[in-house]
Amino acid sequence: RGVVAFHGPRQAGIITDAQDRLAFAAFDVSAGVSREELRTLLVGWTAAAARMAAGQAVADDEAAPQSPPRDTGEAIGLTAGNLTITFGVGPSLFDNRFGLASRRPAALADIPPLPGDNLDPLRSRGDLCVQACADDPQVAFHAVRNLRRLAQGTAVLRWFQLGFGRTSTTSSDQDTPRNLMGFKDGTNNIKREDAASLDKHVWVGADGDQAWMRGGTYVVTRRIRMLLESWDRDYLRDQEQVFGRAKASGAPLGAAEEFDPVPLGAKDAGGELIIAADAHIRLAAPASNGGVTLLRRGYSYTDGVNQETGQLDAGLFFIAFQRDPRTGFIPVQRRLAASDALNEYIQHTSSAVFAVPPGVRDGRDYWASGLL
Ligand code: HEM
């Protein structure tokens with residue numbers, strides 16, 4: 001109960017029903033580490049992750065009072081909480097350190113600077129990433145903390161983001177949650193039941209340029225701060241026009257129910273578009289982007305108060321999976337950055353992209369075995 005299978009053709013934590021909590025970490029491999037040492041880290045990480053996903057401690061501890069326990073202990077007695085641990089590698093892993101340059105997939109391009117970015121380099125990028133999702137925040141934290149501990153001497157934590165509430169649905173069994181702006185979020189997301197869409201937009205197919213990535217996907221993360229103080233002063237009608245949906249029901253403007261088709265062409269009696277030209281759901285929609293569709297799986301976050309402004313440091317930790325960010329996130333975000341009405345109320349403060357290899361087949365396989 002509460003256990004998501006760790007082994008399989010795909011990594012868990014992508015189309016798995018979005019859990020309530022997130023702990024997302026990026027790591028940099030330390031200077032001087034060899035490819036063999038990197039492989040040893042991933043073998044050890046994979047074994048630990050498989051155990052934690054099954055609700056077990058990182059390792060069976062023999063009582064050894066004179067040495068530190070091998071598991072840090074804070075998840076003892078908790079259930080697995082649907083924990084998934086998803087692993088990825090960043091573009092920087094393919095520099096000249098490990099001799100991997102020729103294995104870099106073309107789709108693992110750096111995210112270019114985009115209009116409106118206000119990125120903190122210390123919270124962006126990374127050689128490796130680990131996304132831990134669970135229904136219990138302590139279980140998710142424990143997973144990242146213990147992987148970090150196993151990486152001692154091999155990799156250092158570069159940045160770490162907690163998320164306290166899901167802002168997406170990845171199956172039609174789930175209720176649509178609300179983001180911190182109070183709107184239902186995830187309504188028009190790809191759902192796990194839609195295998196054809198997933199094959200088309202999310203999974204790398206047999207035509208992927210690097211064999212080790214076939215069956216995998218790419219993840220883009222963006223920490224997007226919401227300027228909640230000014231949002232909270234905006235009037236309801238305008239808030240609804242920013243997104244193009246009704247706040248209470250989540251229905252598209254010009255339609256009645258949440259899951260009604262979005263009437264992008266509908267006009268009011270005065271001939272004006274009901275869903276404004278700069279509404280978020282118009283600009284982000286596949287229909288406005290040559291069919292591009294992302295699997296969104298983001299979380300609300302808060303990191304307390306911004307000490308410079310005294311305002312809440314809170315927003316959306318955006319996570320999107322796709323088979324190629326060059327034709328997925330990047331062009332969609334370019335369009336949003338140019339004219340989304342939401343831009344007045346948000347600021348992108350971090351950015352990262354990682355290749356997420358296919359799943360770990362069994363107990364002998366390990367993360368990114370096809371690469372290393
Ligand atoms: C739809 C919120 C950033 C892509 C939506 C919806 C909301 C929302 C409320 C409507 C419900 C739904 O269909 O899920 C936000 C907020 C953001 C944000 C608050 C920033 C803080 C982004 C970014 C992207 C994006 C950065 C991609 C680059 C989409 C897409 C849809 C969508 C593809 C579905 C549009 C459709 O087909 O109807 N978003 N979003 N969003 N958003 Fe965002």
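The legends below describe close-up views of a predicted model.

Local features in this model need pLDDT of at least 70 and side-chain atom pairs count only at pLDDT 80 or more, while totals for chains, interfaces and linings use all residues. Residues are numbered from 1 along each chain as its sequence is written.

**View 1. The protein as a whole, with 7 helices and 10 strands.** Helices (H or I, at least four residues) and strands (E, at least two) are DSSP runs, numbered from the N terminus. The radius of gyration, taken over C-alpha atoms, is 21 Å, close to the 21 Å that the globule rule gives for 372 residues, so the protein is as compact as a globular protein of that length; the rule itself is 2.2 Å times the number of residues to the power 0.38. Along its principal axes the C-alpha trace spans about 75 × 45 × 40 Å. Of the 372 residues, 44% are buried, a term that requires 20 or more other C-beta atoms, placed from the backbone, within 10 Å of the residue's own.

View 2. Residues 11-164 are 21% helix and 20% strand, with end C-alpha atoms 22 Å apart. Residues 176-360 are 19% helix and 23% strand, and here the end C-alpha atoms are 30 Å apart.

**View 3. The shell of 29 residues around the ligand.** The closest of these residues are T187, N188, A284, A285 and L316, where a residue belongs to the surroundings if its C-beta atom, placed from the backbone, lies within 6 Å of the molecule. Two or more residues of the shell come from each of β6 (217-226), α6 (280-284), β9 (311-322) and α7 (329-339), and α7 gives the largest share, 4 residues. By residue type the shell divides into 17 nonpolar, 8 polar and 4 charged, with Gly counted among the polar residues.

**View 4. The buried face of α7.** F329, V332, Q333 and L336 are the buried residues shown in this helix. Seen down the axis of α7, the buried residues fall within an arc of 95 degrees, so they line one face of the helix; the arc is that of the directions from the helix axis to the C-beta atoms. The cover over these buried residues includes β6, α6 and β9.

How values were computed: A residue is buried if 20 or more other C-beta atoms lie within 10 Å of its own, exposed if 12 or fewer, and partly exposed in between; C-beta atoms are placed from the backbone. Two residues are in contact if their C-beta atoms, placed from the backbone, lie within 7 Å.
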